[in-house]
Amino acid sequence: YVTRNAKRYGGVIAIIGSLIGKQINTGNYITDFEGTKVYIGTSDPDAHVPVERVEQTAAILENKNAEVELQIHKDGGHAILPAELGKANHFIFGYSGEIDE
């Protein structure tokens with residue numbers, strides 16, 4: 001949604017996130033994020049979301065003037081990891097403490 005409707009947001013968090021579809025049509029993404037900070041977290045490998053697609057998504061968002069932080073966790077599987085929750089808390093609340101597992 002946010003990629004097709006890019007504008008200045010307070011922040012975007014995508015955990016195990018990428019653009020979907022068999023092919024990505026970059027013509028669908030014509031607006032500008034105006035410097036919005038975007039966090040994308042994923043694992044490699046992930047049986048459902050290939051890391052290559054996540055990297056391609058990050059590149060498209062950067063091309064649309066998003067400030068993207070991409071974290072790729074080795075062997076994390078298709079799960080939300082404590083490090084990703086910590087990053088989400090930091091984005092939303094400015095919290096930088098440790099997250100208990």
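Start with Glu84 and what surrounds it. Setting aside neighbours within four places in sequence, Glu84 is in contact with Ile15, Tyr39, Gly41, Thr42, His73 and Ala79. Keep in mind that this is a predicted model. Glu84 sits in helix α2.

Is Glu84 buried or exposed? Its relative accessible area is 0%, so it counts as buried. One of its contacts is Tyr39. Along the sequence, Glu84 and Tyr39 are 45 residues apart, while their C-alpha atoms are 9.0 Å apart in space.

Stay on helix α2, which covers residues 82-93, and go to Phe93, which also lies in that helix. Phe93 has a relative accessibility of 64%, and because exposed means over 50%, Phe93 counts as exposed. Together with Ile13 and Ile92, Phe93 makes a nonpolar surface patch of about 320 Å².

Now the aromatic rings. How many aromatic pairs are there? The count is one. The partners are Tyr9 and Phe33, with 6.5 Å from centre to centre and 50° between the planes, and the pair is tilted. It links distant parts of the chain: Tyr9 is in the segment before β1 (12-15), and Phe33 is in the loop between β1 and β2 (37-44), 24 residues apart.

As for accessibility, Phe33 is at 1% and counts as buried. Tyr9 has a relative accessible area of 18%. The cut-off for buried is under 20%, so Tyr9 is buried too.

To recap: Glu84 is buried, Phe93 is exposed, and Tyr9 and Phe33 form a tilted aromatic pair.

Technical notes. Residues are numbered from 1 along each chain as its sequence is written. This is a predicted model: local features need pLDDT of at least 70, side-chain atom pairs count only at pLDDT 80 or more; totals for chains, interfaces and linings use all residues. Side-chain values use heavy atoms; hydrogens and water are left out. Rings of Phe, Tyr and Trp (its six-membered ring) pair if their centres lie within 6.5 Å; planes under 30 degrees apart count as stacked, over 60 as edge-to-face and the rest as tilted. Helices (H or I, at least four residues) and strands (E, at least two) are DSSP runs, numbered from the N terminus. Buried means under 20% relative accessible area, exposed over 50%, partly exposed in between (1.4 Å probe, protein chains only). Patches are made of residues with over 30% relative accessible area and no salt bridge: like charges are joined within 9 Å, nonpolar side chains (Val, Leu, Ile, Met, Phe, Trp, Tyr) within 5 Å. Accessible areas come from the Shrake-Rupley method with a 1.4 Å probe; for residues, only the protein chains shown count as cover. A salt bridge is a side-chain nitrogen of Lys or Arg within 4 Å of a carboxyl oxygen of Asp or Glu. Contact means heavy atoms within 4.5 Å.
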